[in-house]
Every structure is written in structure tokens, then in C-alpha cells.
Amino acid sequence: MAQTRFVEIGRVAYVNFGPESGKLCVIVDVVDAKRALVDGPVTGVVRQQMPFSRISLTEFVLPIKRNQTSANVAKSFDEHEIVKKWGNSHAGKHVASNVRRASLTDFERFKLMAAQKKKSLLIKRELKKIKPKH
Amino acid sequence: MVKWYPTEDVQKVRVKRANKPARLRGGVSPGQILILLAGKHQGKRVAFLKQLESGLLLVTGPYKLNGVPLKRVPQAYTVPTSTKIDISGSDFSKVTDAYFAKEKENTKKTEEAFFAPKKEKKPFSDAKKAMQKSVDAGIVNKVADPVVKKYLKTKFRLRNGMFPHTLKF
């Protein structure tokens, strides 16, 4: 399948690792083939160079100009409610669920395991009904 | 200047300090659920009752739930979890280090005794069974949630992708 999300001015990206990991930022300019200038005034990413290897492109694009000022990037970010949209998106939900999983206590992990077992038992029962017997 | 040494070696008198009991670590408080890391009851989740004078931790399964009796455990062999249960209804003030002392057997070191067939193991004393029952009654009755009961019954197990240094307990 061809690329659907491109590196462009205004592309919202999610930082995977490094000191800014876990935050959203906006591509404001492209330095060279390996680096972009990103800014995330709303999410706490200081305007800086970021290698493309550290970020994942999201489905959101802001209509900003090249080298847009931080204040205007913030304005556009809030206008388009990116934080809310990210939270509702598939990738955003996955990230949030991973964060939740990492913070589970021993008791919560036990409850999760018990619930998972119950769920799989129900599924197996239903599957047995549908599956043809040998 | 060369250091002056006495002609005869003089032992330096070192003041012997009394051993302080181990500090209770990890914010552990009575009623906390601990995971035992070693011994017969590895992986079992037990209720912490109090720290004894020797520094060891007094724990109980409760016995009915997971087979762990009133037991002394060194802190280093436990992992405290963030779950707590109510143990205020249980009286374990009489359980001290002396409670766990082995009964002294009067064996004479004679040839007959050495070759005599080994004596049967002494059965677990009724007094201790009664103590276990009374201590546990105050705990088990207060555990209202059946999930918590199941939690105490289940052993802790590491699975693929679970790394202790990243786990929150």
C-alpha cells in the first residue's frame, strides 16, 4: 500500500523515544533528509530539531506556514482540538492503554488476568457451538 | 615522619554496638499484602501482621486461603504490594520470636541413641493450631470482596514480557 501520511509542514507527529517521548509535536520545517524542526508549545515540546527516526506521523495536519511562530502553532493546535482528537483516535487510544498497563498494580494485574480468563472462556464456549464436530 | 608503632601489637578496642532491628522498608504497614520470594511458599501472597523484635516480619496466609501459617520472613525475601487488608480484628500480640523457638530435645549422645531408629516427627501442637485459627479468623472474616480472597489464593507468577524492574506492585 502506498504512503498515505507524508512529512509536511503542519503534520502532527508523536514522539516515540528520547527526552520528549510520549508527546505530540508539529513539524514546522524540514532541516534535511533525516531531521525536522518540530514544535509543541501546547504539549510541552520545545522548538528543536528532531530526527524522523524518533517520531511517528499521525493522521492530523495543521494548516500552518513554514517556520510559523510558536504562539501561532499553539493557536492552530488548540483551534483544531488536536489533543482531544488524538485521544479519540485509534493510535492515541493504544498509547493511552499502554500507559495504563504499565501503571497497573499487582492486584489490578490479577483482576485483569481473571477478566481475561473469563472472557476467553466465554469465547471458547461460543466457538465450540459453531465449530463443526470432526 | 614515619608512623610510630608500639613494640608489641596492641589490639584496638572496638566498641560493640547493639544491632538495630531492620528498618521496615517500602512503606510497608500492617495489613499490607506481601509476595514471598523464597522457600516453600514462593510466589504466595500473604498478609503482613507486624515486625518482630528480631527484625523479621510476621506474616500469615491466612492459612485457610493459601496454606501459609503464622510465619517469620526476612524482609529481603518479600515484595510489598500496594494492596492492604483490614487486620484490626485479629489479635497477634502474643506471637513473638519466642513463639517460634524450637523445643529443646534432651538427647543423650550415646551409642544406642545414635543407632536407634529415628523418632517420629512431633505433631503440630494444638496450641499453635488454635493460635493460627484465632489470628486468621479476625482477618478472613473481614475480607468481604471475593476477588481479594482469590487474589490471596493465587500465586504470583512472572510471564513473558513481565520484567520485575518495570512492574509496579
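Helices (H or I, at least four residues) and strands (E, at least two) are taken here as DSSP runs, numbered from the N terminus. The model is predicted, so that local features need pLDDT of at least 70 and side-chain atom pairs count only at pLDDT 80 or more, while totals for chains, interfaces and linings use all residues. Residues are numbered from 1 along each chain as its sequence is written, chains are lettered from A in the order in which they are written, and side-chain values use heavy atoms, with hydrogens and water left out.

In chain B, the loop between β1 (32–36) and β2 (45–51) holds B:Gly39, which is partly exposed at a relative accessible area of 47%; buried denotes under 20% relative accessible area, exposed over 50% and partly exposed the range in between (1.4 Å probe, protein chains only). Between the C-alpha atoms of B:Gly39 and B:Ser54, which lie 15 residues apart along the chain, the separation is 19 Å. A cis peptide bond, with omega near 0°, leads from B:Gly61 to B:Pro62, and B:Pro62 is placed in the loop between β3 (57–60) and α1 (63–66) of chain B.

Helix α4(B) has the buried residues B:Val148, B:Tyr151 and B:Leu152. Because these residues cover an arc of only 95° around the axis, they are on the same side of α4(B), the arc being that of the directions from the helix axis to the C-beta atoms. On the face turned away from this buried side, α4(B) carries the exposed residues B:Pro146, B:Lys150 and B:Lys153.

A positive surface patch is made up of A:Lys117, A:Lys118, B:Lys150, B:Lys153, B:Arg157 and B:Arg159. Patch residues have over 30% relative accessible area and no salt bridge, and like charges are joined within 9 Å; a salt bridge is a side-chain nitrogen of Lys or Arg within 4 Å of a carboxyl oxygen of Asp or Glu. At least two residues of the positive patch come from each of α4 (106–130) of chain A and α4 (146–153) of chain B. B:Arg157 belongs to the segment after α4 of chain B and is exposed, with a relative accessible area of 54%.

Methods. Patch = residues over 30% accessible without salt bridge, like charges linked within 9 Å, V, L, I, M, F, W, Y side chains within 5 Å. Areas by Shrake-Rupley, 256 points an atom, 1.4 Å probe, with all protein chains shown as cover. Lys, Arg positive; Asp, Glu negative; His and termini not counted. Charge placed at Lys NZ, Arg CZ, Asp CG, Glu CD.
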